[in-house]
Every structure is written in structure tokens, then in C-alpha cells.
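Colleague: Hi! Could you walk me through this model?

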Amino acid sequence: MSESLIVGYGVMFDDHGRVMLLRRRNREELWPGQWWLPGDVTPLSEEPDDTVPRLFAQLMRQRVRAVYAHTVYGPEPESQRHTIHNAYLVTVEEAFDGAPDDESNPFEAMEWWDASSAIAELPDQQSELLANVIERLDSGWDFAADTSLDDLFAEEVPGSVDMRSGPDSLRDRDVALARLAGRIAASAALARDLDWDADFQKALSLGWTRPELEQVGVIATELGRAASLECAPANEDEN
């Protein structure tokens, strides 16, 4: 299987409920000329949660709070590389001085779009991400708390249980478990080592036992491998 990608996107709304989209330059290798949610490929040296804050700091000159919102899987269109698409709900906390470097900016235009028009315009995976974020916002979803193992991967985990401590939120220990599962699954999906020891230790410190975490690791690994197989390009030698 060819090299895989993780892409992080920021979902930002203005006071009128419009969503920010950026248009990629025609010179870009990935999705040239297309309107995008503000996003970038996560390099090997970067944690997935750091991609969107970096992008906004570099291109928008803004310090933002980026809260995990949703994940979908799908191939990058040119090479059909297996790709994990992560969405984060973004709020601006501080504006920086200075201007972005236009020469290194992969985007050439920025506009605020009506949400329904944006969903229709965006590439498939981003369209799905945005639609899910809007649906959850409309239902009162708390993105800072309402995250479960199922939600991290947009599909049901066989044998999983409801980890919520109540109808409206998760406890810190359940959020820690979900983050650990997400890291393990991403590692399996990409066939590359992501550092999840800190998440493992955090879950232990909040009361999870090693056998419980090992069982979650087995489920998350199977889930990541299954997602990788679903998105892998077909073998050209097969008839």
C-alpha cells in the first residue's frame, strides 16, 4: 500500500452561521483549485491535534482553540492513498501581528460560505465532516466533552459500551480512554508508530486498569486495520 496521509481541517463559523472556506492554488499537488475547509496534511513530525492550530497561526495569524469534532476515511483522489480526514471546531483566541508568507501559502482566496452551499462545494470527505459538525451543533453537542470511541471513527465498535457518565457529557477518564483508542487506531491504520504512551499513562492515572486498556487497544487496532483495508487502492494486477 502506498504512503498514507492524515489531514486536519478547521471548521470555523462567523456570527451569521457561515463557514470559512479557502481555495487551493492550481499549482498544488493535492486537490488543486478546489475550495477547502482550512486544512493541511499532518507531517510525520507533528501530532494530528497540532495541525489545525499551526495552520491558523501561520496563514491566518491567529491563535485558535481547536476541539476534535469528527473523522472520516477516504482516498486522496490523485494517488488513491489511504487518508484519514480529521475535523476540529475552531474558535479564535488571539490575533497575531504580521502577515502570512504568500509564497508558501497553498491557498489563494478566502470566503465565508452559506453552510448548505459549502457542503455541496467541498470534496466528499470534507463535505461529510462539515455536515456532521453542523448536525451535532444543532443538536447541542458539546465538542469539548461529548466524544466517545464510536464517534472518533464514525462507525460502531463491535462489543463497545456506552462510556458516558451522564446524558450530557463524559468524565475526564472516558475522554482519556477515547483519545488513547484514537491514537492506537490511527497508528494501525497508517502502519506507523504514533506516540501514545502519554495517553496510556493518563488513562492509567484516571483509574483505568491495564487489562481494560489492553482490551481497548485490541479493538482500536482492529478498527484501524479495517479502515486501512477499506480505503486501500485495488490491486491493478487483479482481474
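**A look at the sheet and a helix**

Modeller: Strand β2 (residues 19-24) pairs with β3 in the antiparallel sense, over two bridges. Strands (E, at least two residues) and helices (H or I, at least four) are DSSP runs numbered from the N terminus, and two strands pair if DSSP finds at least two bridges between them. This is a predicted model, where local features need pLDDT of at least 70, side-chain atom pairs count only at pLDDT 80 or more, and totals for chains, interfaces and linings use all residues. Residues are numbered from 1 along each chain as its sequence is written, and side-chain values use heavy atoms, leaving out hydrogens and water.

Colleague: What stands opposite R23?

Modeller: That's W35, in β3.

Colleague: And what order do the strands of the open sheet take?

Modeller: β3-β2-β7, three strands with antiparallel pairing. At the edges are β3 (35-36) and β7 (107-113), each pairing on one side only.

Colleague: Where is confidence lowest?

Modeller: In helix α4 (residues 149-153), with a mean pLDDT (the predictor's confidence in each residue, from 0 to 100) of 43. Helix α2 (residues 115-121) is highest, at 94.
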